[in-house]
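Subject: Structure handover

Hello,

Here is the structure you asked to look at. My notes on what was found in it come after it.

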Amino acid sequence: MSSPSSTRAASPPRPVPAGTPRGSASGRPRRTGRRTALTASAFLAPFAVLFLTMMVAPICYAIYQSFFTVRRAGLFGGAQSTEFAGLSNYAAAFGDHDFTASIVRVVLLGCVQVPVMLGLALLLALLLDSRSARLRKTYRLTFFLPYALPGAIAALMWSFLLAKDLSPFTGPLSHLGIDVDFLSPSWVPFSIGNMITWGWTGYNMLIIYSALQTIPAEVSEAAALDGCTGWRLAWAVKIPLVRPALVLTTIFSIIGTAQLYTEPAVLVSARIPGIDPKFSPIMNATLGMDVGGQNLAAAQSVVLALITLVLSFGFLKYNQRKGAMA
Amino acid sequence: MSVISADRPTRPARRGTDIASKVVVNGMLGLMALYTLIPLWWLFVSATKGSGYLYTGTPLWFSHFDLVTNIEDVFSFEGGIFSTWLANSALYSFVGATVGTLLSAMAGYALSKFSFRGRESVFNVVLASVLIPAPMFALPLFLLMAKLDITNSYWSVLLPSCVSPFGVYLCRIFAAASVPDELLEAARLDGAGEQRTFFRIALPLMSPALVTVFLFQFVGIWNNYLLPSLMLNTPSLQPVTVGLVQWRAQFASGVPPLLPITGAFLSLIPLLVAFISLQRYWRKGLTAGAVK
């Protein structure tokens with residue numbers, strides 16, 4: 001029963017161009033086209049219906065809403081009319097200092113946090129892959145553990161762990177002469193970066209580690225015979241070979257950073273004074289909805305989705321081109 | 001290591017570097033393990049502390065062990081709402097993951113085993129939606145559901161949880177790898193209908209892999225915070241993540257800090273058990289994801 005899946009697990013992860021996922025091996029047409037299409041769509045339909053109503057329709061609705069505005073005749077309870085507003089909601093979104101500031105903040109946070117996290121994940125994966133490592137399974141399990149925990153619960157835990165009067169870290173640090181309040185405005189971005197790093201390093205490590213394990217032993221042995229060992233082996237042989245995994249983890253991390261919400265939102269609701277209630281773009285948009293500015297919120301979420309898509313697709317394309325030239 | 005690359009290094013030198021690299025490698029791994037585990041250890045230790053002893057004594061060691069009282073407090077506070085939150089989380093995750101896995105299996109099977117026009121386009125749309133993360137859909141979804149007036153209901157969280165484009169992606173790979181065309185052919189020749197072929201032949205063959213899809217979907221829903229916190233106002237509908245954050249929020253207005261701490265600790269236990277007992281499926285899902 002488990003044999004099909006184990007053959008799957010054994011096959012090496014290879015980079016497949018996004019547009020042409022093959023492997024279905026069903027090249028030859030075995031039934032008449034129309035009947036096949038009919039059967040296939042019957043199997044696809046339940047997913048398709050939910051996909052269209054729960055993902056596509058909301059996006060379309062948000063895009064639609066972002067081009068309209070609600071005018072009220074009176075101050076309260078007057079007649080409402082919906083008018084086409086062109087790009088004015090988008091202009092308002094970009095004119096909103098809080099919103100643009102939150103984008104800049106999150107981009108900066110990502111520029112620091114993502115390289116740190118992925119560097120750490122790569123380092124750990126290489127360490128685990130090296131011959132000197134002991135207790136591999138235990139370490140792998142330990143590092144991956146935070147991924148299984150809800151981000152909100154982890155953030156809640158850290159909100160206590162970093163609080164000045166509770167933290168097990170501030171005490172020892174102040175003995176060393178370092179007095180920090182991790183939840184003060186200047187430290188909050190780092191504290192949030194730490195929460196994400198804590199939660200996701202192991203996940204990324206596991207992806208990179210799996211890729212490392214698919215490198216044939218002969219490759220490493222040949223390099224070792226040429227006198228290439230230790231860090232040089234890692235740098236010159238292993239890292240280039242796991243590039244697809246690094247690209248994948250980078251894209252996931254970019255997406256993750258763009259959707260930053262849980263960690264700062266938990267800190268805000270924990271009434272930590274050091275954090276801006278409009279820390280991240282999603283927080284901006286959700287706050288806007290409460291006030292009734294649904295059209296602006298819609299424009300903001302469209303902007304956000306576009307930025308994420310451009311960044312992650314852009315990174316993918318950039319790497320594909322670089323890979324093709326190399 | 002040595003300048004003369006062709007020669008094998010002499011034994012003693014080799015052993016020396018071996019020990020050094022062992023110390024460095026395992027030392028760094030150990031440090032990272034501490035970084036990972038200390039917060040969880042703190043959570044466990046704090047959950048056992050007698051009320052009033054959270055702020056005194058060593059933060060990372062026990063004082064006035066009172067775990068049972070704390071657990072009783074958590075389950076009795078606000079009329080036992082904590083058990084409702086746990087049950088809600090279980091409901092959303094279990095139903096969402098079950099339905100989501102079945103729908104993904106059907107869709108993945110269709111995309112893998114039938115060739116029809118537009119198949120690649122359908123697949124590309126699904127794949128593209130993986131690149132936009134679920135939270136990005138949460139806001140537009142809320143706007144739409146608010147318009148239709150179906151927020152603050154079980155459905156507003158359940159229905160979106162049943163959709164898993166990533167599951168479809170994985171299922172397509174799994175179906176291609178584990179369901180031989182010949183077997184389907186044989187089943188059809190024997191007169192089995194399409195439905196029967198899928199449920200009796202394809203689904204059992206895919207089932208080891210489907211555990212992975214189920215697991216990822218389950219944890220994804222259990223861990224979700226944005227969607228339920230947007231959709232649900234009524235505490236009795238909320239999952240445990242949203243509920244506990246609210247307790248943390250009411251810290252200033254009289255909810256004892258031990259309540260969210262012990263609650264957080266308790267809510268992690270089922271996940272930890274599932275995580276450790278099912279860990280091989282995690283790896284399978286991750287390596288399959290890395291094919292992309």
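Some ground rules. This is a predicted model, in which local features need pLDDT of at least 70 and side-chain atom pairs count only at pLDDT 80 or more, while totals for chains, interfaces and linings use all residues. Residues are numbered from 1 along each chain as its sequence is written, chains are lettered from A and ligands numbered from 1 in the order in which they are written, and side-chain values use heavy atoms, without hydrogens and water.

Chain B

Chain B has 13 helices and zero strands; helices (H or I, at least four residues) and strands (E, at least two) are DSSP runs, numbered from the N terminus. Its radius of gyration, taken over C-alpha atoms, is 25 Å. A compact globule of 292 residues would have a value near 19 Å, by a rule of 2.2 Å times the number of residues to the power 0.38. The C-alpha trace of chain B spans about 75 × 75 × 35 Å along its principal axes.

Of the 292 residues in chain B, 53% are buried. Buried means under 20% relative accessible area, exposed means over 50%, and partly exposed is in between (1.4 Å probe, protein chains only). Chain B exposes about 12300 Å², with 67% of it supplied by carbon and sulfur atoms; such areas come from the Shrake-Rupley method with a 1.4 Å probe, and for residues only the protein chains shown count as cover. A contact means heavy atoms within 4.5 Å. Among contacts in chain B with a separation of 6 or more, 71% are between residues 24 or more positions apart.

Chain A

Chain A has 14 helices and two strands. Buried residues make up 49% of its 326 residues. Chain A exposes about 15700 Å², and carbon and sulfur atoms supply 66% of that.

Which residues does B:Ala110 contact, leaving aside its neighbours within four places in sequence? They are A:Ala40, A:Phe43, A:Leu44 and B:Phe116. B:Ala110 is in helix α3 (residues 81–113) of chain B, and its relative accessible area is 0%, so it is buried.

A:Thr201 sits in helix α8 (residues 188–213) of chain A. It counts as buried because its relative accessibility is 1%. Beyond the neighbours within four places in sequence, the contacts of A:Thr201 include A:Met117, A:Leu120 and B:Met32.

Positive phi

Most residues other than glycine have a negative phi. A:Arg271 is not a glycine, yet its phi is positive, about 55°. A:Arg271 lies in the loop between α12 (262–269) and α13 (281–291) of chain A, and it counts as exposed at 54% relative accessibility. B:Glu78 also has a positive phi, near 50°. B:Glu78 is in the loop between α2 (67–76) and α3 of chain B, and at 46% relative accessibility it counts as partly exposed.

Cysteines

How many disulfides are there over all chains? The count is zero, where a disulfide is a pair of cysteine sulfur atoms within 2.5 Å.

Regards
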